[in-house]
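Here is a short report for someone meeting this structure for the first time. Please look over the sequence and the model before reading on.

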Amino acid sequence: MMFAAIVRSFDCAPKYELVDTPEPSESSEVLVDVLAAGLHNRVRSQANGSHYTSSDKLPLIPGIDGVGRLPNGQLAYFVAPDTSLGTFAEKAVIDLRRSVPLPEGVDPVLIAAAMNPAMSSWVALHRRVDFQPGQKVLVLGATGNSGQMAVQIAKLLGASQVIGAGRDQNRLNSLSALGADVIVSLAGDPEAAAKRLGEAASEVDIVIDYLWGKPAELAMLPLLTQRSDRSRKLTWIQIGSVAGPTAAVPSAALRSANFQLVGSGQGSVSTAGYVAEFPALIDAISAGKLQVNSVSFPLSQVEEVWNAPAGMGERVVFIPSVETERAL
Ligand SMILES: NC(=O)c1ccc[n+]([C@@H]2O[C@H](COP(=O)([O-])OP(=O)(O)OC[C@H]3O[C@@H](n4cnc5c(N)ncnc54)[C@H](OP(=O)(O)O)[C@@H]3O)[C@@H](O)[C@H]2O)c1
């Protein structure tokens with residue numbers, strides 16, 4: 001038996017319970033001790049049944065990735081298999097083809113906190129667009145964990161200008177220290193915010209969009225119509241939808257400018273594509289090139305932490321294992 005977070009209803013927070021330890025069933029699978037697992041937005045949508053990959057099957061153990069110790073003692077970062085047995089547990093069955101080794105001594109909490117928010121823009125810029133150093137990037141929704149990472153990653157990969165847009169002024173102010181060259185506030189009247197975006201960001205080559213919904217819908221034409229050369233490509237990468245699941249794309253946007261709309265996430269990039277990007281991203285995180293704001297809790301506190309909002313820009317990481325708890 002093992003302790004795990006269990007979701008029995010999509011309306012309630014997971015509870016910490018004793019359950020059967022899962023067993024590997026394929027030759028590529030092993031049972032790992034989970035050292036750290038991040039509470040990402042994707043985990044919340046998995047646990048409330050709203051994610052587009054949700055199968056509605058309950059009960060489930062939430063958690064989509066983590067850092068674990070393999071039976072041979074090797075540390076690894078892994079993405080959970082697509083089953084109802086996730087990573088918020090003392091042990092998890094993982095598919096070795098969805099894991100990469102980690103150097104001994106790396107901080108499991110740092111990796112568990114950073115990988116999901118960081119991979120959203122890292123994978124998008126490497127796999128979904130032909131990003132070139134020197135290009136200009138707008139991060140729409142730059143105040144969240146993924147947006148803050150996107151600002152840093154765009155700069156790390158050679159963007160000549162990074163524009164960060166979001167609502168929360170305190171977090172917007174902190175973006176300059178992460179590499180943002182220009183900050184645009186989306187607070188207040190949505191039309192006025194879209195106008196501000198058009199004035200500040202009409203020359204960008206790439207938009208990394210975590211918002212979608214009205215802010216994205218309203219920003220498209222102001223950005224495109226004020227471009228000095230509308231035939232110069234602008235690629236909009238749809239990654240998150242914290243402001244709404246749908247956005248009406250103005251037809252004129254697609255006709256009147258060289259405007260490309262793509263998405264990046266599970267499905268549009270293959271699992272093998274993600275895994276191929278992990279080592280370089282892990283190197284960047286472990287080398288301290290990406291600032292990560294994490295806060296960790298024992299998994300036994302999952303229910304209360306789930307119901308309490310995380311602090312400003314913080315990524316919650318659960319510690320299911322005694323090994324990591326001792327080390328912290
Ligand atoms: N496709 C992928 O590979 C991938 C990977 C990771 C994350 N995601 C998605 O990306 C999105 C962001 O994730 P995250 O990890 O950054 O979440 P997060 O840390 O919770 O941040 C969400 C941010 O969105 C802001 N926000 C919410 N509603 C807004 C609105 N209407 N207008 C402007 N800002 C708004 C919040 O700021 P305030 O409320 O303070 O203004 C907060 O800063 C989520 O949809 C997540 O599922 C996708």
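## Basis of the model

This is a predicted model, in which local features need pLDDT of at least 70 and side-chain atom pairs count only at pLDDT 80 or more, while totals for chains, interfaces and linings use all residues. Residues are numbered from 1 along each chain as its sequence is written, and side-chain values use heavy atoms, with hydrogens and water left out.

## The ligand site

Helices (H or I, at least four residues) and strands (E, at least two) are DSSP runs, numbered from the N terminus.

Asn-145 places a polar side-chain atom 2.9 Å from a ligand oxygen. Arg-171 also has a polar side-chain atom 2.9 Å from an oxygen atom of the ligand. Ser-146 uses a backbone N or O atom, at 2.8 Å from a ligand oxygen. The protein covers 78% of the 920 Å² of accessible area that the ligand has on its own. Accessible areas come from the Shrake-Rupley method with a 1.4 Å probe; for residues, only the protein chains shown count as cover.

## Asn-145

Asn-145 lies in helix 3. Its relative accessibility is 17%, so it counts as buried. Buried means under 20% relative accessible area, exposed over 50%, partly exposed in between (1.4 Å probe, protein chains only).

Leaving aside neighbours within four places in sequence, Asn-145 is in contact (heavy atoms within 4.5 Å) with Pro-117, Asn-293, Gly-313, Glu-314 and Arg-315. Pro-117 is 28 residues away along the chain, yet the two C-alpha atoms are 6.0 Å apart. The backbone oxygen of Glu-314 lies 3.4 Å from a polar side-chain atom of Asn-145.

## Val-34

Val-34 lies in strand 3 (residues 29-38). It is buried, because its relative accessibility is 0%. Beyond its neighbours within four places in sequence, its contacts include Val-67, Phe-78, Ala-89 and Pro-320.

## Aromatic pairs

How many aromatic pairs are there? The count comes to 4. Rings of Phe, Tyr and Trp (its six-membered ring) pair if their centres lie within 6.5 Å; planes under 30 degrees apart count as stacked, over 60 as edge-to-face and the rest as tilted. Phe-3 and Tyr-16 are stacked, 4.8 Å centre to centre with 10° between the planes. Phe-3 lies in strand 1 (residues 2-6) and Tyr-16 in strand 2 (residues 15-19), so the pair ties together parts 13 residues apart in sequence. Phe-3 is partly exposed at 33% relative accessibility, and Tyr-16 is partly exposed at 29%.

Trp-236 and Phe-259 have ring centres 6.1 Å apart and planes at 90°, so this pair is edge-to-face. Trp-236 is in strand 12 (residues 234-238) and Phe-259 in strand 13 (residues 259-263), 23 residues apart. Trp-236 and Phe-259 are both buried.

Note on methods:
Polar contact = N/O pair within 3.5 Å; in protein donor to acceptor, adjacent residues only side chain to side chain.
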